[in-house]
Amino acid sequence: MSESAEGSAAADSAAADLSRPGDPQPWELLGEEPGFHRFLTVNLRRYRLPDGREVEWDVFGPKSAEGITAGITVLPLTPEGRIVTVRMFRAGPDRIVTNLPGGLVEPGEDPALAGARELEEETGYTCESLDLVGWQWSSASSIYRKYVAIARGCRPDGKQALDETEDCVPVELTVDAFRTELRTPGAMTGIDAAYLALDHAGLL
C-alpha cells in the first residue's frame, strides 16, 4: 500500500469515529537551516503556529549529508521459534544492552534487502524470508524513518561482518525471555520497533 493510500485510509477511519475530536491545526514550516552534522544531524526549523507565533524547533536524523534517511530493525525468528538478539555497547545508555539486529538503509537500497544484509552482518544469521511490516518515526523530533521487518527461518549459516566500532554478540532468546527483556527498564533499546514486530508476528 502506498503512503498516500495509507494516509487516506487512516483519515477515513478517523472521520468514521464521530466521538473522536478533530485534530489541531498543523504548524506552517517557514524555513530550515543546518546545525550539527556528524553521525547524527540536527537541523533548526522555524514554524508559524496557528495563533501566529513563530517558534524554532530542532529536528534530527542520521548522516543526511550522505543521503541516508532511514534505518531498519529486524525481528529474526529461528525455525524453533526463538528470537535472535544482539548484545552490544550503546553510547547513549553508556552500557551493554540487548538489541534487535538492524542498521541504516543505504541510499537507493530496498529496506527489505537492507534488513537481510544487516541481519547477517550483525549476527551471522541468514533467513528464509523477510517481510516488512511497517515503519515509524525514530522520535517525535526526528526526520528519520525506522522500518520494521520480521525475518523467518533464521539460521547461523552466514558470516558476521561487523563495523570497526561494533561489538555485537548474537544471543537466541525464547519469546518469554525476550518479553522479560522488553519489560526490564534500561535493558533494551528500540523497544518500540520490537513491540510492533511482535504484534505483527502474533507474539504479544
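Me: How many strands form the open sheet, and in what order?
Reply: 3 strands, in the order S1-S2-S3, with antiparallel pairing. This is a predicted model: local features need pLDDT of at least 70, side-chain atom pairs count only at pLDDT 80 or more, and totals for chains, interfaces and linings use all residues. Residues are numbered from 1 along each chain as its sequence is written, and side-chain values use heavy atoms, without hydrogens and water.

Me: What counts as a strand, and as a pair?
Reply: Strands (E, at least two residues) and helices (H or I, at least four) are DSSP runs, numbered from the N terminus. Two strands pair if DSSP finds at least two bridges between them.

Me: Which strands stand at the edges?
Reply: S1 (28-37) and S3 (54-62); each has a single partner strand, so one side of each is left without a neighbour in the sheet.

Me: And how many bridges between S1 and S2?
Reply: S1 and S2 (residues 40-48) pair over 8 bridges. Glutamate 32 stands opposite arginine 45 in S2.

Me: Switching topic. Which residues line the second largest pocket?
Reply: Trp27, Arg45, Tyr47, Trp57, Val59, Ala140, Ser141, Ser142 and Ile143. A pocket is an open set of 1 Å grid points, over the protein atoms alone, where a 1.4 Å probe fits, with protein on both sides within 12 Å along at least five of seven lines; lining residues have an atom within 4 Å of a point.

Me: Which element gives the most to the lining of the largest pocket?
Reply: H2, with 4 residues.
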